[in-house]
Amino acid sequence: MVRPKWTRIIAAAVAAVALVAPTAATHAPAAAAPACTFTSTAVPMSTGFTAAQKSDPFTTAAPANHIAILDGFSHTSPLIRQQNLAETVAVNTTASPATARYAVDDNYAIEGPAIFNALGSQLAPAFSAALRAGQLPKTSELLLGEESIAGERISTTKEKKYFQYPRPFEVAPQLIRRYGDGRPDLYTAVKGSGSYPSGHTTWGYTQAFLIASMLPEVGPQILARGAEYGYHRIVLGVHYPLDVMGGRMLAQATASDLLGDPGFAALFAAARTELRGVLQARVGAPIGSIAACQQPWEPTATALADYRQRASYSFLPTGDTASALTVPAGAENLIRAAHPGLSTAQLRNILARTALPAGYPLDKSGPTGGWQRLDIARAWVAR
């Protein structure tokens, strides 16, 4: 008996995903960290940014849109789009109950502090306690919420309207399993809006790039958490892998612009000092010592592997595999905190030699190309 086309595609995608896609909702404990005893100290006082700082935080103008960075999507073949849906169905329908609950929680945590659980066994609870106590006003105003300073530059509205690609649960409602927990229906909230690129993913990755730059000692884990945040959109069946890949590309461009903007950079430096000072006081040691002693969110090697896999999912290079990479202008800002003292040229060299191969879907050359190939996690630890 010949199986219907979609049955064959989905079966193949399930097999591929089983080989390459992480599915656990929680992370296996890493090797035991050294036994360390810290004594907390008084948390330094901090106040939020002034009204003037918040009303005019940027030196440079915002880009009109990022369509040119993302328009590799317009050139994807029907076969790639079939695979795009098939992998979505596979990830969505094979998710464990724990993974689905985690993905639902992430759905409602957009713009919030969800990414910070990747800080580790001591830094994450210290952050949560400080946030509840109102001890991180600058960090909150800079990073958390649609009205945050960073939020002014994080948007996918124009891009979604341009590509206007329907979401998986609308294209194939009979194949997508819907998840929820009694909160307002997450599918109704996004019905009819464009799928490409993923807005949640753009938020998650942008936050991850900025938080990692504040706390580079746990950078790989934070970056992997950003990738997981995007993966959860596929689990829910509200986005495809290409949407998530596009969200990562858009987040890279956005975070690069933010970190390169002198006005924002000044506020970022103040928030970074606040965050590090509060966490160090609450735990009672320098960030580097805490990171060495705590249990990480996941081991660095696992974080690097997860990040890499979620940069291309089950796709294979089908485009020009010989295309030389031109590192996008400003991309070096994404890894500057991981390599203090290196020149811009040296940072760009790291990005080039840790990049993904050419030819994956969404990859393109030219002045607006290169964003798909960047592997910020591997560049973070490269020497």
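Reader: Which residues is Ala 208 in contact with, leaving aside its neighbours within four places in sequence?

Author: Once those neighbours within four places in sequence are set aside, Ala 208 is in contact with Ile 115, Ile 222, Leu 223 and Gly 226, where contact means heavy atoms within 4.5 Å. This is a predicted model, in which local features need pLDDT of at least 70 and side-chain atom pairs count only at pLDDT 80 or more, whereas totals for chains, interfaces and linings use all residues. Residues are numbered from 1 along each chain as its sequence is written, and side-chain values use heavy atoms, with hydrogens and water left out.

Reader: Why is Ala 208 called buried?

Author: Its relative accessible area is 1%, and buried means under 20%, exposed over 50% and partly exposed in between, with a 1.4 Å probe and protein chains only; Ala 208 is therefore buried. This residue lies in helix H11, residues 199-214, a helix being a DSSP run of H or I with at least four residues, numbered from the N terminus.

Reader: What makes H11 and H12 roughly antiparallel?

Author: The axes of H11 and helix H12 (residues 219-235) cross at roughly 175° and come within 8 Å. These axes are lines fitted to C-alpha atoms, for helices over the stretch in contact, and the angles run from 0 to 180 degrees between N-to-C directions. Angles under 35 degrees count as roughly parallel, over 145 as roughly antiparallel, 65 to 115 as roughly perpendicular and the rest as oblique, so H11 and H12 are roughly antiparallel to each other. Ala 208 is one of the H11 residues that make this contact, and Ile 222, Leu 223 and Gly 226 are among those of H12. The residues of the contact divide into nine nonpolar, six polar and one charged; here Ala, Val, Leu, Ile, Met, Phe, Trp, Tyr, Cys and Pro count as nonpolar, Asp, Glu, Lys and Arg as charged, and the others, Gly among them, as polar.

Reader: What makes H6 roughly perpendicular to H14?

Author: Helix H6 (residues 123-132) and helix H14 (residues 262-283) have axes that cross at roughly 110° and come within 9 Å, which means that H6 is roughly perpendicular to H14. On the H6 side, Leu 123, Ala 126, Phe 127, Ala 129 and Ala 130 meet Leu 275, Val 278, Leu 279, Arg 282 and Val 283 of H14. The residues of this contact comprise nine nonpolar, no polar and one charged.

Reader: How do you know that a disulfide joins Cys 36 to Cys 293?

Author: The S to S distance of Cys 36 and Cys 293 is 1.8 Å, and a disulfide is a pair of cysteine sulfur atoms within 2.5 Å; the count by this rule comes to one disulfide. The torsion about the S-S bond is about -65°, so the disulfide is left-handed. The pair links distant parts of the chain, 257 residues apart, with Cys 36 in the loop between helix H1 (5-20) and helix H2 (51-55) and Cys 293 in helix H15 (residues 287-293).

Reader: Is Cys 36 buried, partly exposed or exposed, and which of these words applies to Cys 293?

Author: Cys 36 has a relative accessible area of 28% and is therefore partly exposed, whereas Cys 293, at 13% relative accessibility, counts as buried.

Reader: Which residues touch the most other members of the largest nonpolar core?

Author: Leu 119, Leu 142, Leu 215 and Ile 376 do so, in a core of 105 residues; a nonpolar core is a set of buried Ala, Val, Leu, Ile, Met, Phe, Trp, Tyr and Cys residues joined through side-chain atoms within 4.5 Å. Helix H13 (residues 241-260) gives the largest share of this core, ten residues. Beyond its neighbours within four places in sequence, Leu 119 is in contact with residues including Phe 127, Leu 215 and Leu 279.

Reader: Why is Thr 254 counted as buried?

Author: Thr 254, found in helix H13, has 4% relative accessibility and so counts as buried. Its contacts, leaving aside neighbours within four places in sequence, are His 66, Arg 153, Ile 154 and Thr 206.

Reader: What is the phi of Gln 164, and what is that of Tyr 313?

Author: Gln 164 has a positive phi of about 45° although it is not a glycine, and Tyr 313, likewise not a glycine, has a positive phi of about 55°. With a relative accessible area of 45%, Gln 164 is partly exposed, whereas Tyr 313 is buried, with 5%.

Definitions and conventions. Helices (H or I, at least four residues) and strands (E, at least two) are DSSP runs, numbered from the N terminus.
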